[in-house]
Amino acid sequence: MHVGLQQASKTIIPLLSADLHKGSCGRIGILGGNNIYSGAPYFAAISALRVGADLVTIFCYDGAKESLKSYSPDIMVYPCLDVLTPSDELKFSVQKNHSLVVGPGLGRNHQKHPKSTITSIINTAIAFNQDLVFDADGIDFYIKELEKFSKTSNITLTPNIVEFGRLYEAAFGRSPAVVDLETVAELSQKLSCCILCKGHEDMIAYQGSYKVVNSTQGCYRRCGGQGDLLSGTVGLLTYWAKKASLSEPLEYPYSFVAAYLASSTVKRTSHLTFEKFGRSMLASDMVRHIAEAFDDVTSEQSQ
């Protein structure tokens, strides 16, 4: 399966040509960012841009806007999550995106913040057939709306082992006896989605029918922000894979191919970064190596 996935991954990368316009290679939305967590949405956004997205917008709380705007002029920042009633302008901004990453820096205490705007943004993305990626705090939001989201097929979940356990318990009413590829596949079937369970070896499954362990070499350093880099990469590559599949059918489901390529890219990124920085490696150091890692992974897959 690895060889087939590698070949499929190669076919989803859009060719750069004079016919493209701004946005052709991806308009990605990131839902998250508050006065405490501003780094997470930044990492998700910058990873999508460094892999090749044209435009990224972060929909955040007002408390994160100044920090986020100071990190990079390449990222659009839309402070909107504090309002009770979403504006038509906000809905239009969401509609323009190709996919939505929910969760980086979102926070879990929605009792203190209006939930209606978060829900409206997600509902708008679903209504316009955008793919959704739920990560970090977004997974807790997903669990609270489990019945609704389990009926939406174009969703990718990117939990770590602990988050996977919470998802499994919410779906089955019991904790998993073990977290392995079979349980990941079982949950992906139950929730009708794609799951990328993060770990030393990432386990990826799509609706119970497709499953693979990605053993691409990464590193043992577990600094914060690596999962955010992954979620942004998944958000972009899912759009690329969907677009490619509309032109020519892929051997595997497009979200499964995207998750595999994203996993390989971020693992390769961590490996390259750790080789240079060792124990002092930070997620901000990884940003410098994303493009190189993506080129490495896709070059290897083209051979």
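Asn129 is exposed, with a relative accessible area of 52%; buried denotes under 20% relative accessible area, exposed over 50%, and partly exposed in between (1.4 Å probe, protein chains only). The model is a predicted one, in which local features need pLDDT of at least 70 and side-chain atom pairs count only at pLDDT 80 or more, while totals for chains, interfaces and linings use all residues. Residues are numbered from 1 along each chain as its sequence is written, and side-chain values use heavy atoms, with hydrogens and water left out.

Asn129 occupies the loop between α5 (115–127) and β5 (131–134), helices (H or I, at least four residues) and strands (E, at least two) being DSSP runs numbered from the N terminus. Its phi is near 60°, a positive value in a residue other than glycine. Most residues other than glycine have a negative phi. A positive phi, near 45°, is likewise found for Gln207, a residue other than glycine. Gln207 belongs to the loop between β8 (202–206) and β9 (210–214) and, at 25% relative accessibility, counts as partly exposed.

In helix α1 (residues 2–11), the residues Gly4, Leu5, Ala8 and Ser9 are buried. They lie on the same side of α1 because they cover an arc of only 135° around the axis, the arc being that of the directions from the helix axis to the C-beta atoms.

Two packed helices are described by the angle between their axes and the distance between the axes. For helix α10 (residues 226–247) and helix α11 (residues 254–277), the axes come within 8 Å and cross at roughly 140°; axes are lines fitted to C-alpha atoms, for helices over the stretch in contact, with angles running from 0 to 180 degrees between N-to-C directions. α10 is therefore oblique to α11, where angles under 35 degrees count as roughly parallel, over 145 as roughly antiparallel, 65 to 115 as roughly perpendicular and the rest as oblique. To the contact (heavy atoms within 4.5 Å), α10 contributes Gln226, Leu229, Leu230, Thr233, Val234, Leu237, Thr238, Ala241, Lys242 and Ser245, and α11 contributes Tyr254, Ala258, Leu261, Ala262, Ser263, Val266 and Ser270.

His271 is also located in helix α11. With a relative accessibility of 12%, His271 counts as buried. When its neighbours within four places in sequence are left aside, His271 is in contact with Gln217 and Gly218.
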